[in-house]
Amino acid sequence: MDPEIERLRRRERELEDRVARLEAQLGDGLRRPDRGQRTSAASTDLLFTAAEKTRMPQIITDPNQPDNPIVFANRAFQNLCGYDAAEVIGRNCRFLQGPDTDPADVAKVRDAIVARRDVVVEILNYHRDGTPFRNELYVSPVFDAEGQLRYFFASQLDVTRFRTTEGVLAESEARYRALFDAVDSGFCVIEMRFDADDRAVDYRFVEVNPAFAAQTGLHDAAGRWASELVPRLERSWFDTYGAVARTGQPVRFESGSIAMGRWYDVHVLRVGDPEQHRVAILFNDITDRRRFENHLEATAQEQANERDMVWRASRDLFVVCGRDGFFRKANAAWTEMLGWEETDVVGARFDAFVHPDDRAEAAAAFERVTGGLALHDVDVRVRARDGGHRWISWNAIPRGDHFYAAGRNVTERRALEEQLRQSQKLEAVGQLTGGVAHDFNNLLTVIKSSTDLLKRPGLAEERRLRYVGAISDTVDRAAKLTGQLLAFARRQALRPETFAADRAVAALADMVGTLTGSRIRVELGMPDGEQDDLHVNADPSQFDTALVNLVVNARDAMDGEGRLRIGLRRASRIPSVRAHPPRRGDFVAVTISDTGAGIARENLERIFEPFFTTKTVGQGTGLGLSQVFGFAKQSGGEITVESALGEGTTFTLYLPRVGPSRAAGPVEEPEALAEGHGTRVLVVEDNLDVGAFAEQALRELGYVTVWAKDAHQALAEIERDSSQFEVVFSDVVMPGMNGVELAGEIRRRRPDIPVVLTSGYSDVLAAEGTHGFDLLRKPYSVADLSRILRRAVQDACVGLRGGA
């Protein structure tokens with residue numbers, strides 16, 4: 001062993017010497033140009049130094065050399081990939097790719113290099129040791145003062161750890177599976193099948209737990225239909241499970257099956273999406289207990305014999321309790337399950353072992369049973385000798401001056417139900433959070449990059465305007481994203497008005513060609529002679545947005561070529577959809593049909609989920625259809641979809657039909673204010689940054705401002721000297737009195753002072769509207785702020801002259 005150790009030590013010293021020599025040769029990792037070599041690296045020390053100092057992995061390539069080689073790689077990049085500078089310099093970046101790298105991602109980078117433009121792409125790269133990582137790559141061209149391309153600057157971000165949601169879900173699934181396999185109760189998930197009349201006719205076992213066979217006597221049930229396993233199963237089971245699948249209302253009941261020869265204690269709840277028609281069933285074979293209860297009503301001797309036999313053998317808790325509330329007798333299961341001896345239980349009050357939080361429910365149950373009513377499935381926590389608690393489900397039958405009660409341990413069942421609920425909540429929250437974070441991080445990246453570039457000295461005016469424009473456009477996109485989220489959540493503050501749906505659809509048809517391109521043939525199907533009968537009361541802007549989203553979705557599904565049909569008609573019913581029964585009424589139906597690729601059956605249940613999309617990265621956010629869904633629901637309507645792979649898709653938007661009304665005229669642009677007008681504004685805003693911005697912007701526009709931090713301070717300013725203000729500009733969401741309440745109070749005290757409200761979102765606005773006050777939505781521009789204040793002052797002056 002000693003010679004081998006010595007050899008390894010010599011080898012280690014040789015490698016250390018070699019590393020030292022390479023570091024001396026490479027210096028800072030920059031490949032310097034040879035004499036006469038055409039490269040731009042000789043005049044960029046500042047760029048290279050800045051790249052070396054940053055903690056973000058970065059490389060620089062030289063497109064003026066053959067194959068666009070790497071000429072610089074900072075230390076952070078070397079640490080990320082596992083290569084040292086000598087292994088990187090002079091090579092094209094493709095050596096980081098591997099067998100699972102998506103060629104489409106590579107093509108995006110290659111096309112951007114050829115076009116000399118920025119690109120952002122998430123690509124699968126490989127470390128030096130061969131392990132893959134998800135690399136969010138940012139590539140930008142670097143031009144000199146004459147506009148000549150000098151370098152490509154590439155930043156890297158390892159986002160592998162953000163893609164590990166599947167691991168968390170897998171761990172949650174493992175915990176669920178362990179509980180699923182360990183519980184003694186029978187458990188299964190079934191999928192209902194309905195006939196054309198929406199009547200449950202059969203169900204298939206999707207999965208069953210190990211205890212299922214013991215509880216039912218049915219083996220190898222997974223994947224098989226109930227009609228196959230139990231041919232003469234009673235109709236009541238199908239009706240009960242079908243009702244839960246349709247309504248989502250859980251039920252708990254006891255019932256017997258002649259075909260199976262057993263009685264069951266059954267708890268049924270819907271799981272998954274309503275359209276899946278899936279039901280989870282947790283059940284116990286209570287045949288013995290039912291026999292016990294029946295035997296109680298037999299002859300006195302038979303009653304005693306049967307009771308004593310079951311009393312001794314049962315694993316459930318049995319007690320005899322007097323109407324005075326004290327236990328008279330208890331079985332041995334109290335010791336086996338909870339650790340209490342019979343002497344501990346007999347003589348104790350019925351609630352002596354009940355958890356304090358459940359004593360009110362226990363007392364109510366005691367009153368029912370002592371009033372002569374049987375007790376079914378009352379779940380309370382019962383204290384064990386070790387200090388813990390078990391969930392016990394109680395049933396009781398009154399007899400004379402006492403009652404018999406049986407309690408079953410349902411702790412595992414309760415844990416399983418909670419696990420199912422938490423798993424579904426985590427999945428939904430994780431999807432929504434991940435989608436919002438991804439989209440907003442993209443928007444913030446544009447804003448941050450633009451602000452950084454604006455800070456550069458000597459920035460040309462053209463570039464400054466470009467960066468400012470990018471920031472403004474990105475803010476608009478962020479506001480649109482927020483609006484889509486509120487639309488899906490049905491929390492947006494809609495501005496409904498009555499308008500003719502046929503005119504809105506016809507106006508949309510005029511611009512559809514611009515959206516779809518020349519290779520898509522657009523057909524318009526409008527009813528004849530029903531123009532006065534096709535009015536709806538909805539937000540026209542959101543209506544147009546919903547139709548545009550459906551058209552764009554159809555265009556993408558056809559890959560730019562096919563036939564798009566837009567139809568409009570009256571409808572007397574909305575068909576059954578998403579577990580909702582058919583709905584009769586008077587509706588206007590707008591259909592968007594395409595001849596595209598269609599939607600897979602497994603995706604039909606998910607297409608309206610926020611951030612769910614089958615499009616590639618950068619082709620869609622997954623919020624378009626969710627916006628349509630939210631708008632339809634909030635407007636009292638519905639959205640349905642019919643599709644099959646290879647056969648196209650038809651979306652139908654239903655909205656309640658209303659009678660026509662006189663449309664309001666166009667809003668006139670308010671007159672411009674004179675130079676140095678000095679219009680006096682009371683600004684009410686609790687956010688210091690927003691308040692300071694509003695005050696500064698108004699002063700630069702010639703307004704005279706007073707800033708109040710809350711509603712009470714604003715009212716105090718008005719009471720002190722109401723003549724000093726011509727208009728009030730107030731936020732809605734504030735601590736204490738909100739903006740709508742403040743506006744109402746000002747209207748009561750000083751009806752001559754107009755109030756303009758502002759908000760991005762408010763529960764008050766969503767539920768109650770603006771109560772007639774003008775509203776400026778956040779984020780707003782300086783021009784919009786000035787315009788709405790001028791209009792408010794102008795309308796107030798007209799009102800005063802009219803009153804005079």
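Reader: What's the handedness of the crossing of helix 22 and helix 23?
Author: Right-handed, meaning the near helix is turned clockwise from the far one by less than a right angle. This is a predicted model, where local features need pLDDT of at least 70, side-chain atom pairs count only at pLDDT 80 or more, and totals for chains, interfaces and linings use all residues. Residues are numbered from 1 along each chain as its sequence is written, and side-chain values use heavy atoms, with hydrogens and water left out.

Reader: At what angle do helix 22 and helix 23 pack?
Author: About 15°, with the axes 10 Å apart, for residues 711-720 and 739-749. So helix 22 is roughly parallel to helix 23 (angles under 35 degrees).

Reader: Which residues make the contact?
Author: Ala711, Ala714, Leu715, Ile718 and Glu719 from helix 22, against Leu742, Glu745, Ile746 and Arg749 from helix 23; contact means heavy atoms within 4.5 Å.

Reader: OK, salt bridges. How many in the whole structure?
Author: The search finds 36, each a side-chain nitrogen of Lys or Arg within 4 Å of a carboxyl oxygen of Asp or Glu.

Reader: Which residue does Arg720 form one with?
Author: Glu717, with the closest N and O atoms 2.8 Å apart. Both lie in helix 22, three residues apart, about one turn of the helix.

Reader: Is Glu717 buried or exposed?
Author: Buried, at 16% relative accessibility, while Arg720 is exposed at 58% (buried is under 20% relative accessible area, exposed over 50%, partly exposed in between, with a 1.4 Å probe and protein chains only).

Reader: And which residues do shared partners join into one network?
Author: Arg521, Glu523, Arg563 and Arg565.

Note on methods:
Axes are lines fitted to C-alpha atoms, for helices over the stretch in contact, and angles run from 0 to 180 degrees between N-to-C directions. Helices (H or I, at least four residues) and strands (E, at least two) are DSSP runs, numbered from the N terminus. Angles under 35 degrees count as roughly parallel, over 145 as roughly antiparallel, 65 to 115 as roughly perpendicular and the rest as oblique.
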